[in-house]
Amino acid sequence: MSIADNIKSLKKETEADKVILLAVSKTKPVTDIQEAYDAGQRLFGENLVQEMIEKYDQLPKDIEWHLIGHLQTNKVKYIAPFVSMIQSVDSLKLLQEINKHAEKAGRVIDCLLQIYIADEETKYGLGFDEAIELLRSEEYATLKNIRIRGLMGIATNTDNEKQIKEEYYELNTFFEGIKLSYFRKEESFDILSMGMSSDYKLAIEQGSNMVRLGSTIFGGRVIKHWKNN
Ligand SMILES: *Cc1c(COP(=O)(O)O)cnc(C)c1O
């Protein structure tokens, strides 16, 4: 199937479940993104700042760009003027930096806290306790140019469906708890981003309302070990 066909069928599938489809276009050329765009897709995810900027420059300006990879504080300034959402917030320091550059750009930037749920040492993210600590901090309370829209998580890369289900179940439970405790008055805390190509159906069963799909849409990627994001 073509990229356009994949987008159309995945849109239909996710819309039926009221789930937002983020097309993860990392490593893929702008021509692929344009094909997905022409099929109606507007939300795209990238994990490298430099790559996102280059693609932003070349593609239609109504694309909503989501950063999904680890973000270094010294790179925030490059994407702050245009990024739609930063899904990979994993420290208060990063959130403060995003706030600073959002203010300079005269914007409020939507963010997700990335929560560590995988049984792997390589994944970035906040532990449950760390996320709570962040939300309770005085520093967080002063940030006016960021808006936390929800949580993002990456499950363990495994064939063990039971384990993946449990990890997503835990994140959903945590999401509901955080919403009640810290965002009772804000309806904008509404995004639970979980699920990739290999496990998005399980994630949706466990309450995900945003899936991040790359290879299912664009085909496989050459695996690279990014060191310079
Ligand atoms: C690459 C990536 C995805 C998409 O992965 P696929 O398996 O190709 O769907 C989703 N989320 C994050 C954080 C990623 O880095």
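Strand S8, residues 210-213, is covered on both of its faces: Met210 and Arg212 on one side are buried, and so are Val211 and Leu213 on the other. The model described here is predicted.

**Strands S1 and S8**

- S8 runs parallel to S1, and 4 bridges join the two strands.
- Within this pair, Ala23 stands opposite Leu213 of S8.
- In a regular strand, side chains alternate between the two faces of the sheet.
- The two buried sets in S8 are Met210 with Arg212, and Val211 with Leu213.

- Strand S6, residues 146-154, runs parallel to S7 and is joined to it by 4 bridges.
- Gly150 stands opposite Ile191 of S7.
- Between S6 and S7 the chain passes through helix H8, residues 161-182, and this β-α-β crossover is right-handed.

**The ligand and its surroundings**

- In the side chain of Ser197, an N or O atom is 2.5 Å from an oxygen atom of the ligand.
- Gly214 has a backbone N or O atom 2.8 Å from an oxygen atom of the ligand.
- For Ser215, too, a backbone N or O atom lies 2.8 Å from an oxygen atom of the ligand.
- On its own the ligand has 390 Å² of accessible area, and the protein covers 90% of this.

**The loop between S1 and H2**

- Ser25 is placed in the loop between S1 and H2.
- With a relative accessible area of 0%, Ser25 is buried.
- The side chain of Ser25 makes a polar contact of 2.7 Å with the side chain of Glu46.
- Thr27 lies in the loop between S1 and helix H2, which spans residues 30-38.
- Thr27 is not a glycine, yet its phi is positive, near 70°.
- Thr27 counts as partly exposed because its relative accessibility is 26%, between the cut-offs of 20% and 50%.

**Other loop positions**

- Lys18 is in the loop that connects helix H1, residues 3-16, to strand S1, residues 20-24.
- Most residues other than glycine have a negative phi.
- Lys18, although not a glycine, has a positive phi of about 55°.
- Lys18 counts as exposed because its relative accessibility is 73%, and the cut-off for exposed is over 50%.
- Leu48 is in the loop between strand S2, residues 43-46, and helix H3, residues 49-58.
- Leu48 has a relative accessible area of 9% and is therefore buried, the cut-off being under 20%.
- Leu48 and Tyr78 are 30 residues apart along the chain, and their C-alpha atoms are separated by 11 Å.

Terms used:
Residues numbered from 1 in each chain as written. Predicted model: local features only at pLDDT ≥ 70, side-chain atom pairs only at ≥ 80, totals over all residues. Heavy atoms only, no water. Polar contact = N/O pair within 3.5 Å; in protein donor to acceptor, adjacent residues only side chain to side chain. Areas by Shrake-Rupley, 256 points an atom, 1.4 Å probe, with all protein chains shown as cover. Buried < 20%, exposed > 50% of the residue type's maximum accessible area, 1.4 Å probe, protein only. Pairing = 2+ DSSP bridges. Right-handed = clockwise from strand over helix to strand, strands pointing away.
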